[in-house]
Amino acid sequence: MELFFFVLISLFLIASISLGIRSFAYKTKEKVTGTGPTLPPGSFGWPIMGETLQFLAANREGAIDHKFISKRTTKYSSKIFKTSIFGENFIVFSGAAANRFIFSNDSKFFIRWWPPSFQKLFPSMEFVPIEHDAAKGRKLMSLFFKFNEAQKLVASIDSISRNQLKNNWEGKNEVKVYPLVKMYTFTLACHLFLSINDTQKVLKLLYHFNNLTDGILSVPLSIPGTPFHRATRAMESLRKGIYLIIKERREALAKNLASPTQDVLSQMIAVPFDDGFMTELEIVDKILAILFGGEETTTATITFAMKYLSEMPHLYNEVLKEQREITRSMKPREVLRFDDIQKMRYTWNFVNEVMRHIPIVQGAFREVKVDITFEGYVIPKGWKLYWGVGSTHHNSEYFSEPERFNPIRFEGNGPSPYTHVPFGVGPLMCPGHEYARLTILVFLHYVVKMFQWEPILPNEKMKFKAAPMPAEGFPVCLSPHQI
């Protein structure tokens, strides 16, 4: 514990010298002018350290919205407030109006910004404009879905889901859900994005990837034994491995032994973008970012979906009923098709309610590139912005009985616009949202039909690293359905 605080204080002493000067200047401006727009209410916290300790503590519990944002919006009677995090002046946004403002003006008013640990681990992504990054993501995923037409993609997900359940779940009386689901999502991502199908290679990549994700949001000093040190070592190993994969793929493409359209890696190598071909470093960082998006968040969503199904048998029965009806409509066909997925309306409503209850991504960071005004407050150029994805999710202003788990609230048109944004909204919506939907629904289709499960630790706590996860991996007793 003493080492943690020593490292943290050292970081802020090194990185935050200008904080007090800038904060004093803006505080003085507010007091002196007395006219025109002012900064939002709030506090910069302790000198140098600001409110970073409180932010990181809430992040570790997966409770930034509840324990950091809501506490301050109530205190200041404002949906936005100022603070200091990571040695930077911050404005924190919350609420549907703030969501609308950010998603409607993202590329106009903001540029991408990441915490120091992320910047050090992914250097090629630090200064990429939001609209360029989003455009590349959309192009890659559009090509991916074009060349892996919907039915072919669903068939691949179907095959890997069944193989994972057969090899790692069948015949077991007890399993830990989280690591097995993670093996499924990572195996699938390696197959579809990199054409890697060797289990030992997948396990080796997953080992390093776990260490990387553990340190993505951590104190960025590489001292042995710290999460960031392990993440740095893991990134070195991952880069070395992926550089070799890129080299082998370039050679295969040159000899026509691989196709430019076979997976995302080939597309990154062979397809030019508006600013030319991607550099090797950019390819590596993008591949790792795509693996993160395709594995970490979907793993958490499936795991907590299974947790809620075990706690609410009536919802399990509704999901099982829908999946069995789909199975009956498929006969004699056994492999799911894309149109079968479209019939999983109740199951997807259930998954959306899971994501409302437990925000899989807590929030996002930006930097303000021009002076802007929102709700009468000035937000100065150069300041950083954080918006909480789940700031609306447990607010009775947007959801009736917000603490009640109720998938029916997503029927029809669903919640009001900008109140439920797990994948973003509009042109900057997560480009992999459809891939995530298919990955989640296909797996739930099979696991619900094959098993019932009971938690071994009913009161298991949650922890948060890159995404929420059960502290002990969600161990359960498995019971196969008698069919």
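This is a predicted model: local features need pLDDT of at least 70, side-chain atom pairs count only at pLDDT 80 or more; totals for chains, interfaces and linings use all residues.

Guide: The contact is made on the α9 side by Val181, Tyr184, Thr185, Leu188, Ala189, Leu192 and Phe193, and on the α17 side by Tyr435, Thr439 and Phe443. Sorted by class, the residues of this contact between α9 and α17 are 8 nonpolar and 2 polar, with no charged ones. As for the geometry, α9 covers residues 177–194 and α17 covers residues 433–450, and the two helices pack at an angle of about 130° with their axes 12 Å apart. Because of that angle, α9 is oblique to α17.

Turning to α9 by itself, the helix has 18 residues and reaches 25 Å from its first C-alpha to its last, which is close to the 26 Å expected at 1.5 Å a residue. Of the 18 residues of α9, 16 are buried, and therefore the helix is largely enclosed by the rest of the structure. If residues up to four places away in sequence are not counted, Thr187 touches Ile160, Gln164 and Val202. Finally, the residue that follows α9 is Ser195, and the phi of Ser195 is positive, near 55°.

Definitions and conventions. Residues are numbered from 1 along each chain as its sequence is written. Side-chain values use heavy atoms; hydrogens and water are left out. Axes are lines fitted to C-alpha atoms, for helices over the stretch in contact, and angles run from 0 to 180 degrees between N-to-C directions. Helices (H or I, at least four residues) and strands (E, at least two) are DSSP runs, numbered from the N terminus. Angles under 35 degrees count as roughly parallel, over 145 as roughly antiparallel, 65 to 115 as roughly perpendicular and the rest as oblique. Contact means heavy atoms within 4.5 Å. Ala, Val, Leu, Ile, Met, Phe, Trp, Tyr, Cys and Pro count as nonpolar, Asp, Glu, Lys and Arg as charged, and the others, Gly among them, as polar. The expected span of a helix is 1.5 Å times one less than its number of residues. Buried means under 20% relative accessible area, exposed over 50%, partly exposed in between (1.4 Å probe, protein chains only).
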